[in-house]
Amino acid sequence: MNRLDEILESPFAVFCHDAGAANLIIEWLKDCNLEMKVCMEGPAKEIWKRNFPNTDLYPLDTVMDDVKTLLSGTGWGELEFIARNKAKKRNIKNIAVIDHWVNYRERFIEQEKEELPDMIIVTDKYAFKKAELLFPSILVIQLHNDYLEQVTKKARLLRKK
């Protein structure tokens, strides 16, 4: 699997709060033509508006209606945890993006309750190995880090100038 839209079922829901996973997910979604409903809060909301200024954002309660897949970050706020919990109760395919190399298990725990996804996406071989070791019963996939590539291109252009 090389692209996000190869694993998503339409329509799908997107939930993000923190900037890390939001940056990754937003870059992947720029090339995605599937129907989506989006709920963003915190820093992720500003990043979304910058990249998709003409796209509506929805409140948590309405985003989960009639979707087949949930795609979420793994930030420290409650938003993504609540979304994963609702997805599990509704039998919605649940995909989480881990954007860092630390605190993997803790990212799925809120008030001493663990809510694991059906699938985890990471963006490098180190995170892939770590996630596979920590979550042997969950499918872990690695997608290309389009966000890092885009930032690198901008930096190179600035250096040339």
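Helices and strands here are DSSP runs, numbered from the N terminus, with a strand needing at least two residues. By that count, Asn94 is found in strand β4, residues 93-97. Keep in mind that this is a predicted model.

- β1 (residues 12-16) pairs with β3 (residues 69-72) in the parallel sense, over four bridges.
- To find your way along that pairing, look for Phe15, which stands opposite Ser72 in β3.
- β3 and β4 also run parallel and are joined by four bridges.
- On that side, Leu71 stands opposite Ile95 in β4.
- As background, side chains in a regular strand alternate between the two faces of the sheet.

**β4 and Asn94**
- Four of the five residues of β4 are buried, so the strand is largely enclosed by the rest of the structure.
- Asn94 has a relative accessible area of 2%, and because the cut-off for buried is under 20%, Asn94 counts as buried.
- Leaving out residues up to four places away in sequence, Asn94 touches Leu70, Arg84, Ala87, Leu116, Pro117, Asp118 and Met119.

**α1 against α2**
- Two packed helices are described by the angle between their axes and the distance between the axes.
- For α1 (residues 19-29) and α2 (residues 42-51), the axes come within 9 Å and cross at roughly 25°.
- Angles under 35 degrees count as roughly parallel, so α1 and α2 are roughly parallel to each other.
- The crossing of α1 past α2 is right-handed.
- From α1, the contact uses Ala19, Ala22, Asn23, Ile26 and Leu29, while α2 brings in Pro43, Ala44, Ile47, Trp48 and Asn51.
- Sorted by class, this contact has eight nonpolar residues, two polar ones and no charged ones.

**Backbone spots to check**
- Most residues other than glycine have a negative phi, and most peptide bonds are trans.
- Ser10 and Pro11 are joined by a cis peptide bond, with omega about -5°.
- You'll find Pro11 in the segment before β1.
- Asn91 isn't a glycine, yet its phi is positive, near 60°.
- Asn91 sits in the loop between α4 (79-89) and β4, and counts as exposed at 75% relative accessibility.
- Glu112 is another residue other than glycine with a positive phi, near 65°.
- Look for Glu112 in the loop between β5 (109-110) and β6 (113-114).
- Glu112 has 81% relative accessibility, so it counts as exposed.

Technical notes. Residues are numbered from 1 along each chain as its sequence is written. This is a predicted model: local features need pLDDT of at least 70, side-chain atom pairs count only at pLDDT 80 or more; totals for chains, interfaces and linings use all residues. Side-chain values use heavy atoms; hydrogens and water are left out. Axes are lines fitted to C-alpha atoms, for helices over the stretch in contact, and angles run from 0 to 180 degrees between N-to-C directions. Angles under 35 degrees count as roughly parallel, over 145 as roughly antiparallel, 65 to 115 as roughly perpendicular and the rest as oblique. A crossing is left-handed if the near helix is turned anticlockwise from the far one by less than a right angle, and right-handed if clockwise. Contact means heavy atoms within 4.5 Å. Ala, Val, Leu, Ile, Met, Phe, Trp, Tyr, Cys and Pro count as nonpolar, Asp, Glu, Lys and Arg as charged, and the others, Gly among them, as polar. Buried means under 20% relative accessible area, exposed over 50%, partly exposed in between (1.4 Å probe, protein chains only). Two strands pair if DSSP finds at least two bridges between them.
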